[in-house]
Structures are given as C-alpha cells and as structure tokens.
Amino acid sequence: MTNHSISLPSPAKLNLFLHITGRRNDGYHELQTIFQFINVCDQLDFTTTNDALVHILPAIKGVPLEENLIYKAAQALKPFAKNEAFGANISLKKRLPMGGGIGGGSSNAATTLLALNQLWQCDLSTDALANIGRHLGADVPVFVRGNAAFAEGIGELLTPVEPETPFYLLVKPDCHVATGQIFADKYLTRDTPPIRIAHALKLSGQNDCLEVVKKHNPEVNEAFEWLQDYGDVKLTGTGACLFIAYNTIEDAERVRASVPKKWQTWVCQGCNVSPTHLALNQWIKKQKSLRLNSELSKPDE
Ligand SMILES: C[C@](O)(CO)[C@H](O)COP(=O)(O)OP(=O)(O)OC[C@H]1O[C@@H](n2ccc(N)nc2=O)[C@H](O)[C@@H]1O
Ligand SMILES: Nc1ncnc2c1ncn2[C@@H]1O[C@H](COP(=O)(O)OP(=O)(O)OP(=O)(O)O)[C@@H](O)[C@H]1O
C-alpha cells in the first residue's frame, strides 16, 4: 500500500555573498548571490486527509494561518491535486529563527510544495513547482530545485554551482531584521557592477546590505565587531544572522564556546544538495519498492 505520510527536513540557506546590481520598476532589487544550504533544519511532517482542509500544528506565534507560507504553498498546489477531497495535516518543528536571513519561511514553502506534490499526486515537474514557488517568495525556487546555486534576477534565475562545503559558525544577534526596511534605505548600495559566474565562486563574500543592516540594528553591529577577532565575518541575506567559515568542526566549536550567551549559535556545514531532496529521494525509492512488492504478491489472475 502507498504511504500517505512523509517527513522532510526544511533547511536554512546562506548567501555566500550578496551584490545588489539594480532596482526594477516594481521596486524589487536585482541581485547576484550564491545560495548554499546548511544542515540546520526545521522538520515538517505531512499526512494526507480526505476533508479538503489544510491544518498546521502548532501555529507559528505572530503568523496567522492564512499568512503562513506552508499554508500558502499548500493552497497554491491544491488545484493540481489528483482528488479535490485531498487535504493535509502538517506538523512543524520550528528551529530556524525568523528574520534571520536564513530563509526559513521560503524553505518551509518549498518543502510543502515538494511533499504535497507527491502525496496529492499532482505530478508537477520541478520547473512547474519552482514557478509556483516564485510567486510565494523570491527565495522559494532555490529550495524547490535543491542545488546550491548562483542566483540572478531577484533570486529566481538559478545556475547550479558547487562551492566548498566548510563548517560554519552561525550567530543570530538578538534582533529581527525587517527586509523591506533595508531595501527601502536610500543609502543602500544598488549599483554593484554585475559579475560572471566564474568570478562569483572566487569572491570573498561582500554583502551590499551589511552597512545599512548594521545602521538599523545595533545588535548586528555589536555581534559583527565581536566576531571580527575570530575570522572573516559575513552577513547572510538582509541578516540578522552572521557566519564565519572554518576548515574543521573543532575550530568552529571552539569559537562558539566563547560567543556571548545572549546570541543564539549553531555549528553546521554547507550542503550543495538540499537535505529535503536527499530525504525525498529516499522516500520515493521506498514507495517504488513497496509498490513493486505489492504487485509481486498479488495472486496471478
Ligand atoms: C535578500 C534575500 O535574503 C536574498 O536571499 C531575499 O531575497 C529576501 O527574501 P525575503 O525575506 O523572502 O523577502 P520578501 O518577503 O520577498 O521581500 C520583502 C521586501 O523586501 C524588498 N525586496 C526583497 C527582495 C528583493 N530582491 N528586492 C526587494 O526590494 C521588497 O520591498 C519586499 O517587499
Ligand atoms: N512557515 C514560516 N516560517 C517562517 N516565517 C514565516 C512562515 N510563514 C510566514 N512567515 C513570515 O515570513 C517572515 C520571514 O521569515 P523567514 O524565516 O523566511 O525570514 P528570513 O530568514 O529573514 O528570510 P530571508 O532570508 O528570505 O530574508 C517571518 O517574519 C514571518 O512573518
């Protein structure tokens, strides 16, 4: 019998660098960045129901159901479900901080699209899912595709790349950065010349949002200053999270041990294939073998 449940990790991303190369007429900014996943993840469990409803437990504090990106992703996929009575019970173990620049909401949306595409037998291609994802948020497509990528446009034009996969110390200063406020600041650098992909992999990790983020968020400034003695500190997205790459896990752990306790910290590793896709591929393989076994055990007709 086909399994009607699936459990998937929903990872965070880092922007290894972030250049703002222009502003479009609709106000959105054109970027160049490299996205890499890290093995710090939320966990999402999905079970199909037949009541056509989508339930999410527990609710995210401060985020109404209709604004939860998991719910929005499920609603966007619903018209493609094989049976219109299909619904889902979704349980969420939230570990990724919000407003950290590590893309937790976008990741949750992508994980939902990938899981329900299977459970609701939508049979949509990755391109179709990425296209649905694009309307939920600029960072959703990279999580749908599942490969570390050089991104252009507003983040949706993706070319897979394989940057090194060091260990990272990730630090979340005690604040929540409002992405819109950063992009609205008149002093934001918006004219970094576009670069080519080969050049992108050799860059040292400049983030054009850094100065404006530090200006609006003294906690980010303080953490940045503190961390500078311990390596090459970078900002991911519009922050608040900062990260430093290390060659060994021991080096990352040693610095973590001395970080002031008021900041949340993780030691993790860069992943060029999303943990969601690794788990999803295992699940698909298991379903195929279950189907094959049940075909073989049917009595001859
Ligand atoms: C900058 C990145 O962190 C890079 O990974 C993301 O693209 C930000 O993605 P996000 O947090 O999902 O942000 P969104 O919710 O899409 O955008 C919040 C607001 O930031 C501004 N915004 C965002 C992305 C972008 N490329 N240009 C913008 O000008 C827009 O005013 C938008 O209304
Ligand atoms: N399932 C969800 N998980 C997290 N945030 C969500 C979710 N659904 C809606 N949101 C909203 O999206 C906002 C941004 O959340 P997210 O975790 O993606 O921030 P972020 O790490 O700053 O992302 P980015 O790197 O894309 O800027 C949250 O403040 C919250 O209001």
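Of the 18 residues around ligand 1, those that come nearest are His-29, Ile-154, Gly-180, Phe-183 and Gly-237, where a residue counts as near a molecule if its C-beta atom, placed from the backbone, lies within 6 Å of it. Strand S2 and helix H5 (179-184) are the elements that give two or more residues to this shell, helices (H or I, at least four residues) and strands (E, at least two) being DSSP runs numbered from the N terminus. By class, the shell around ligand 1 divides into five nonpolar, 12 polar and one charged residue, with Ala, Val, Leu, Ile, Met, Phe, Trp, Tyr, Cys and Pro counted as nonpolar, Asp, Glu, Lys and Arg as charged, and the others, Gly among them, as polar.

This is a predicted model, in which local features need pLDDT of at least 70 and side-chain atom pairs count only at pLDDT 80 or more, while totals for chains, interfaces and linings use all residues. Residues are numbered from 1 along each chain as its sequence is written, and chains are lettered from A and ligands numbered from 1 in the order in which they are written.

Ligand 2 is surrounded by 20 residues, of which Leu-69, Gly-104, Gly-105, Asn-108 and Gly-237 are the closest. Helix H1 (69-77) and helix H2 (104-119) each supply at least two residues of this shell, and H2 provides the largest share, four residues. The shell around ligand 2 has six nonpolar, 12 polar and two charged residues.

UniProt, in an unreviewed entry, places the feature "domain: GHMP kinase N-terminal" at residues 68-146, an annotation that may be inferred rather than shown by experiment. Over that span the chain is 51% helix and 9% strand, and the end C-alpha atoms are 21 Å apart.

The largest nonpolar core has 78 residues, of which Ile-70, Leu-113, Leu-116, Tyr-168 and Leu-170 touch the most other members. Such a core is a set of buried Ala, Val, Leu, Ile, Met, Phe, Trp, Tyr and Cys residues joined through C-beta atoms within 7 Å. Strand S2 (residues 29-49) gives the most to this core, with nine residues. Leaving aside neighbours within four places in sequence, Leu-113 is in contact (C-beta atoms, placed from the backbone, within 7 Å) with Ala-73, Leu-77, Leu-129, Ile-132, Gly-133 and Val-144.

Pro-141, in helix H4 (residues 140-145), counts as buried because 27 C-beta neighbours lie inside 10 Å; the cut-offs are 20 or more other C-beta atoms within 10 Å for buried, 12 or fewer for exposed, and partly exposed in between. Beyond four places in sequence, Pro-141 is in contact with Ala-130, Gly-133, Arg-134, Glu-156 and Leu-158.

Some backbone details lie in loops. Gln-121, in the loop between H2 and helix H3 (126-134), has a positive phi of about 50° although it is not a glycine, and it is partly exposed, with 14 C-beta neighbours inside 10 Å. Asp-123 is found in the loop between H2 and H3; its phi is near 65°, and it is exposed, with 10 other C-beta atoms within 10 Å. The peptide bond from Leu-57 to Pro-58 is cis, with omega near -10°, and Pro-58 lies in the loop between strand S3 (54-57) and H1.

How values were computed. Two residues are in contact if their C-beta atoms, placed from the backbone, lie within 7 Å.
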